[in-house]
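User: Please examine the aromatic side chains of this model closely. Which rings pair with one another, and which charges sit over a ring?

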Amino acid sequence: MHNPFVLLTTRLLESLIKADNTFFVRQTYPRGKNLLDPLNKAAFLFTHYTDYSRAKTHYDALDNDPNKFLYNINEPEHYEKLFIAAGQPEGFHIYSPLVPQPWKPTAPIATRIRNYINQKMNWNPGRSEGVKADLFVQFGELFITLKLGIHEVKLPLAEIENF
């Protein structure tokens with residue numbers, strides 16, 4: 001699975017807090033787990049919010065995640081736990097949903113995008129036309145936007161990966 005997100009560091013966490021992010025939603029993040037590393041117990045995604053209602057909406061959408069948690073940095077215990085997580089505790093990978101810009105698909109993802117367009121879409125891009133692909137995140141899930149001229153489609157990245 002493609003994982004474009006960056007690891008959460010204490011420096012990044014400090015920057016997010018300085019930018020008035022008060023709430024952080026933790027969720028299980030399978031894309032961040034290294035299956036080849038027997039010491040990697042789990043991976044989590046910490047999404048930042050300035051607004052409580054948006055954070056709570058995200059939290060509430062995680063019905064089946066036993067690891068979900070809503071942190072409020074104004075609570076000392078939550079603040080401390082966020083910095084522990086940002087320190088990348090042994091056996092865990094902790095990510096922030098920030099994608100280095102500009103995002104470019106890896107070669108395998110680009111191939112899957114081409115195959116998906118060829119078989120699922122009625123698009124016929126010419127050699128000089130390029131399909132633009134961009135990622136966006138919703139409730140911790142990765143989605144991809146594909147654009148060709150006036151045509152646009154948004155779908156879960158997993159649909160492309162599993163195609």
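Analyst: The following account treats the aromatic pairs, then the charges over rings. This is a predicted model, in which local features need pLDDT of at least 70, side-chain atom pairs count only at pLDDT 80 or more, and totals for chains, interfaces and linings use all residues. Residues are numbered from 1 along each chain as its sequence is written, and side-chain values use heavy atoms, with hydrogens and water left out.

Searching the whole structure gives 9 aromatic pairs. Rings of Phe, Tyr and Trp (its six-membered ring) pair if their centres lie within 6.5 Å; planes under 30 degrees apart count as stacked, over 60 as edge-to-face and the rest as tilted. One of these pairs, Phe46 with Tyr71, is stacked, at 5.5 Å centre to centre and 25° between the planes. This pair links distant parts of the chain, 25 residues apart: Phe46 belongs to strand 3 (residues 42-49) and Tyr71 to strand 4 (residues 69-72). Helices (H or I, at least four residues) and strands (E, at least two) are DSSP runs, numbered from the N terminus. Phe46 counts as buried because its relative accessibility is 2%; Tyr71 is likewise buried, at 4%. Buried means under 20% relative accessible area, exposed over 50%, partly exposed in between (1.4 Å probe, protein chains only).

Tyr116 and Phe163 form an edge-to-face pair, because their planes stand at 70°, with ring centres 5.2 Å apart. Here Tyr116 lies in helix 4 (residues 107-120) and Phe163 in the segment after helix 5 (157-161), 47 residues apart. Tyr116 is buried at 6%, whereas Phe163 is partly exposed at 32%.

A charge sits over a ring if NZ of Lys or CZ of Arg is within 6 Å of the ring centre and within 35 degrees of the ring normal. Lys68 lies over the face of Tyr59, 4.5 Å from the ring centre, and the charged end of Lys154 sits over the ring of Phe136, 5.6 Å from its centre.
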